[in-house]
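Walk through this model with me. We start at its pockets, then turn to a sheet and a single residue.

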Amino acid sequence: MADKKTLAFLLMDAPYESARTTTAFRLIDAAARRGHDVSVFCYEGAVALSFAKQAPHANTVHGRDVAQEDHPNPKDWIIALTAQAEKSGGTLTWTNCGLCVDERGVGEAVAGVGRGSPVDFWKMAEAADNTLVIPTRG
Amino acid sequence: MNKKILQVVESAYRATIEEQDDTVMWFTHAIRGGGAQTAVLLRGHAVNYGVKGQDASGIAFGDKKQTQPPDLPGDLTRLIAKGVEVYVVEEDVEARGLVPTDLIGGLIPIKKSVVPGLMARFSLIWQW
């Protein structure tokens with residue numbers, strides 16, 4: 001694509017805590033579908049987004065079993081976004097802050113997720129056409 | 001290529017006891033160590049990071065003591081010593097009943113009205 005861009009995102013919110021995460025995933029999805037190259041750095045609670053042991057659950061309030069509920073796990077969204085990026089001719093690079101992973105014990109990430117430091121995010125931003133930091137608020 | 005980054009810090013004292021620092025200050029120290037050209041703008045509650053004499057020591061849960069409490073003004077002082085400019089919004093300082101002598105040395109006070117001009121000097125603005 002002629003106008004292929006490189007975009008860098010920093011996410012900070014833990015899963016299932018904030019609508020900001022869904023908004024971030026929408027933005028990443030839009031970029032992936034357009035074939036842009038996307039780098040994501042997860043800081044603090046956001047490192048749990050890719051935790052491999054996330055599990056869907058049934059929901060008795062909804063009256064649905066596990067299969068019917070089809071509860072979303074962000075790790076599956078990351079896998080799907082990565083596949084979408086490749087399908088569209090782009091790339092999605094997902095990197096977790098290593099120390100943030102260690103202090104939370106969420107080292108088991110889905111395949112393709114890397115480990116890094118703030119310097120890696122700085123390098124992503126240096127290489128990117130634009131950068132968006134989406135921090136935890138409050 | 002070395003983009004100049006302004007870190008705008010507004011959310012304050014977020015998990016500082018658990019982290020033993022402010023996570024954005026820590027992040028800024030890390031990227032500065034890697035060679036980034038960066039500055040910090042403290043606004044809102046975060047201007048309080050510049051107040052001298054803060055002491056977060058003494059917390060204990062059961063027998064588990066916090067032996068290395070955060071030292072936010074110390075972290076700022078060390079950041080300034082690394083050549084990082086740290087700005088504070090004057091109106092936000094005044095609104096909290098603080099006066100310049102309450103603050104550590106090396107902070108650069110600026111009026112709210114000149115913040116857009118400050119931002120214009122940077123390639124990237126990261127609002128935390």
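Thirteen residues, written here as 13, line the largest pocket, and A:E44, A:G45, A:R104, B:A15 and B:E19 lie nearest its centre. Two elements each give two or more residues to this lining: α4 (98-104) of chain A and α1 (16-19) of chain B. Seven of the lining residues are charged, three polar and three nonpolar. The volume is about 260 Å³. A pocket here is an open set of points on a 1 Å grid over the protein atoms alone, where a 1.4 Å probe fits, with protein on both sides within 12 Å along at least five of seven lines; lining residues have an atom within 4 Å of a point.

The model is predicted: local features need pLDDT of at least 70, side-chain atom pairs count only at pLDDT 80 or more, and totals for chains, interfaces and linings use all residues. Residues are numbered from 1 along each chain as its sequence is written, chains are lettered from A in the order written, and side-chain values use heavy atoms, without hydrogens and water.

The second largest pocket has a volume of about 150 Å³. Its lining has seven nonpolar, no polar and two charged residues. Helix α4 (residues 90-95) of chain B gives the most, three residues.

Chain B also holds an open sheet of five strands, in the order β6-β5-β2-β1-β7, with parallel pairing. Strands pair if DSSP finds at least two bridges between them. The edge strands are β6 (108-110) and β7 (124-127) of chain B.

In chain A, A:A128 sits in the loop between α5 (118-127) and β5 (130-134).

Key:
Helices (H or I, at least four residues) and strands (E, at least two) are DSSP runs, numbered from the N terminus. Grid points are joined across faces, edges and corners, and a volume is the space filled by probe spheres set on the points. Ala, Val, Leu, Ile, Met, Phe, Trp, Tyr, Cys and Pro count as nonpolar, Asp, Glu, Lys and Arg as charged, and the others, Gly among them, as polar.
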